[in-house]
Amino acid sequence: MRQALARLMLPLLMAASFGMMLLFKADLLLAEQARTSLGDVLAPIYSVIAPPLMRVRAGVGEVVDLWNMQDELVRLREENATLRRWQAVAMALDAENAALKANLHWVPDAAPSFVTARVIDDAGGLYARAVLLAIGPTVSGGKGAGAPGAGGSVSKGQIALDAQGLVGRVSEVGARSARVLLITDLNSRFPVVLERTGVHALLVGTNTSRPRLMYWPEGSPPVEGERVVTSAEANAFPAGLPVGVVHYNASHMPEVQPFARLDRLEIVRVFDYGLRGLLAPEAPADKAGDRPAMGRR
Amino acid sequence: MDDRTPGIRPRQSLWRRLDLAARHGFPALSTIVLLLVATAPLGLPGQAQLQQALTLCAVYFWSLFRPVAMSAPVVFVIGTLADLLGLEPVGVSVFVLLAAHGMALRWRRPLVRQQDGERQGLLAMWAAFVPVALFAAAATWALTSLILFTLLPPAPVLFQFVFSVALDSAYSGLFTYAHRGVANPESA
C-alpha cells in the first residue's frame, strides 16, 4: 500500500506541475501575489547574506580593476579632456537657458520625490529580466535617505534609475520588497525620443543586453551613437531621462546600449513622477493577451 | 526507530535525533541555500543559467544517492521555489526537476552499484546526466514557449545545457564527500 502510494507520487506531482502552469497562466494575480509574498519573506534573509556576498564581489572587482588600471587611466584622461570641453559648453548653455527662461516666465518642473533601495536579488530567469529591491522600514540599510518630503513609499509603475540612466519600472510591490522589470526584458516596451534627430520610436526589450528600437518614422532611421532619452508620450515617463545610445548590431538592426549597468545593479533610485498614464508592467505570463497600448504616431 | 528488526542500536537521545534530522535534511537544505545564493545579485555572467543548472544537478545527484531525502514532494517544493524566485512561468521548473528526479530513480540501480565499486562510476553517472540535461533544456524551452505563446530563441537553454553538464561533474565531485560524510544517516 505504502509502496504503491510512493510510486504514484511522482506522476501525481508531475500532473500537479501541469496544473500549476495552467493555474498561474489563467490567474496572473495569483502568481504576482505568490512572488510578492515570497519576496517579502526572503528580503530579510537576502539582507543578511547580501553584505558578505557584496564584499566577495567587490574583492573580485578590485582584482579585475588592478589588472585593467593602465588602460583605464588612459581612457579616463581622454574622457576628462573631453568632459572639460563639454563642461564649458554646458555652463554657457546653462547661463543662456536661465536667461531665456527668465524672459519666458517659465514654470519649472516639480522636483520628483524618490527613494533609494538596494538590489537584493536577481529575480529574472532564462527568459526574463528583473531585479528585487529591499524596501520598507524592516530592512536596515535597505532604504537610503530620500529627497526631503519623500513619502518612502514605492508603488507600481514608478521609475527606477541607477547613477547612469534608466533601469526599468516597478512591476510588483510587497511589504518589504518590490520587483523592477528591467528595460531589457521581453515585456518592456516604451516610447523614446532620439535626441539628435528628435525622432520618436519604441524601445522593445529582447532579453538580450541591448533592447531594440522599433517603429521610427519612415525615412529617418536612428543614427549610430545617437543618445536615446525617454519620451513623455503616453504619460508613462517624464521626458528626457537618459536611456542609452544607438548601436547597430551585426544584422543591421538598431539597438540601444543602455547607460545603466543593468548586469551589475547594486543600488537604484525609485522616482515618483506622479505619472499614471500607462499600465504598470506585468509579469511575463500575460504576453499573449493584453499588451498596453503605447503611444505611436 | 522501528523495532521490527532486531539488533543493537544507540539510544534515541535528543542529540541523536537532531543529528539524524540534519543528515536527512542536508540534501534539500543545501539545495535551497545554493539556490538562494545563486539568485543573489552577484553580477556573474550567465547567472540565470547557473541557477537553473545548479538545481538540476542537485536534484539529480541526491535523487541518485539519497532518494529518501530527495523525494518527489521535496523536488516539488524546490521547483516551486525556483519558479517563484525567477520571473518565469510557474510550474516549468517543477516539471523539469520532477522529470530529472524520475530519470535518476529509474537509472539508480546500475549507476549506484557501479559508483560504490569503482571510480569510473562517477563517469558513468555523468554520462547518464547528459540526456537528463538535454531533456531539461528542451522541456524548459518548449514549455516556456508554449505558455508565453512565442517562439523563444533556443540559445539560452542551449547554454544552460552545456553549463549544467559542466557543472554536474564539479557538483558530484564535491558532494560525493558530503553524501558519504555529513549527509549519511548511517554514520549518525
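**Ground rules**

I am working with a predicted model, in which local features need pLDDT of at least 70, side-chain atom pairs count only at pLDDT 80 or more, and totals for chains, interfaces and linings use all residues. Residues are numbered from 1 along each chain as its sequence is written, chains are lettered from A and ligands numbered from 1 in the order in which they are written, and side-chain values use heavy atoms, with hydrogens and water left out.

**Chain A overall**

I noted 3 helices and 12 strands in chain A. Both are DSSP runs numbered from the N terminus: helices are H or I with at least four residues, strands are E with at least two. Of the 297 residues in chain A, 40% are buried. Buried means under 20% relative accessible area, exposed over 50%, and partly exposed in between (1.4 Å probe, protein chains only). I also checked contacts (heavy atoms within 4.5 Å). Among those in chain A with a separation of 6 or more, 60% are between residues 24 or more positions apart.

I started at strand 1 (residues 113-122) of chain A, which runs antiparallel to strand 12 (residues 267-272) of chain A, with 6 bridges joining them. Two strands pair if DSSP finds at least two bridges between them. A:Val115 sits opposite A:Val270 of strand 12. Strand 1 of chain A also pairs antiparallel with strand 2 (residues 130-134) of chain A over 4 bridges, and there A:Arg118 has A:Ala134 as its bridge partner.

From strand 2 of chain A I moved on to strand 5 of chain A: antiparallel again, over 5 bridges. A:Leu132 stands opposite A:Arg179 in this pair. Strand 4 (residues 166-173) of chain A is joined to strand 5 of chain A by 5 antiparallel bridges, and A:Val173 is bridged to A:Ala178. A hairpin through 3 residues links strand 4 to strand 5 of chain A.

Why is strand 5 of chain A largely enclosed by the rest of the structure? I counted 6 of the 6 residues of this strand (residues 177-182) as buried, so the rest of the structure largely encloses it. On one side are A:Ser177, A:Arg179 and A:Leu181, on the other A:Ala178, A:Val180 and A:Leu182, and both faces are covered.

**A loop residue in chain A**

I picked A:Ala260, in the loop between strand 11 (254-258) and strand 12 of chain A. A:Ala260 counts as buried, at 6% relative accessibility. A:Gly165 is 95 residues away in sequence, yet the C-alpha atoms of A:Ala260 and A:Gly165 are 4.6 Å apart. Beyond its neighbours within four places in sequence, A:Ala260 has contacts that include A:Asp162, A:Gln164 and A:Leu166.

**Cores**

Which residues touch the most other members of the largest nonpolar core? For this core of 74 residues I wrote down B:Leu56, B:Tyr60, B:Trp62, B:Leu85, B:Leu98 and B:Phe129. Helix 2 (residues 47-65) of chain B gives the most to it, 13 residues. A nonpolar core is a set of buried Ala, Val, Leu, Ile, Met, Phe, Trp, Tyr and Cys residues joined through side-chain atoms within 4.5 Å. A second, separate core has 37 residues, including A:Leu133, A:Val243, A:Val256 and A:Leu262.

I then looked at B:Phe129: setting aside neighbours within four places in sequence, its contacts include B:Leu56, B:Tyr60 and B:Val165.

**A pocket**

I put the second largest pocket at a volume of about 860 Å³. A pocket is an open set of points on a 1 Å grid over the protein atoms alone, with protein on both sides within 12 Å along at least five of seven lines, and lining residues have an atom within 4 Å of a point. Grid points are joined across faces, edges and corners, and a volume is the space filled by probe spheres set on the points. This pocket has 20 lining residues, and A:Gln3, A:Ala6, A:Arg7, B:His101 and B:Leu105 are the closest to its centre. Helix 1 of chain A supplies the largest share of the lining, 9 residues.

Methods
On a 1 Å grid over the protein atoms alone, a cavity is a set of points where a 1.4 Å probe fits but cannot get out, and a pocket is an open set with protein on both sides within 12 Å along at least five of seven lines; lining residues have an atom within 4 Å of a point.
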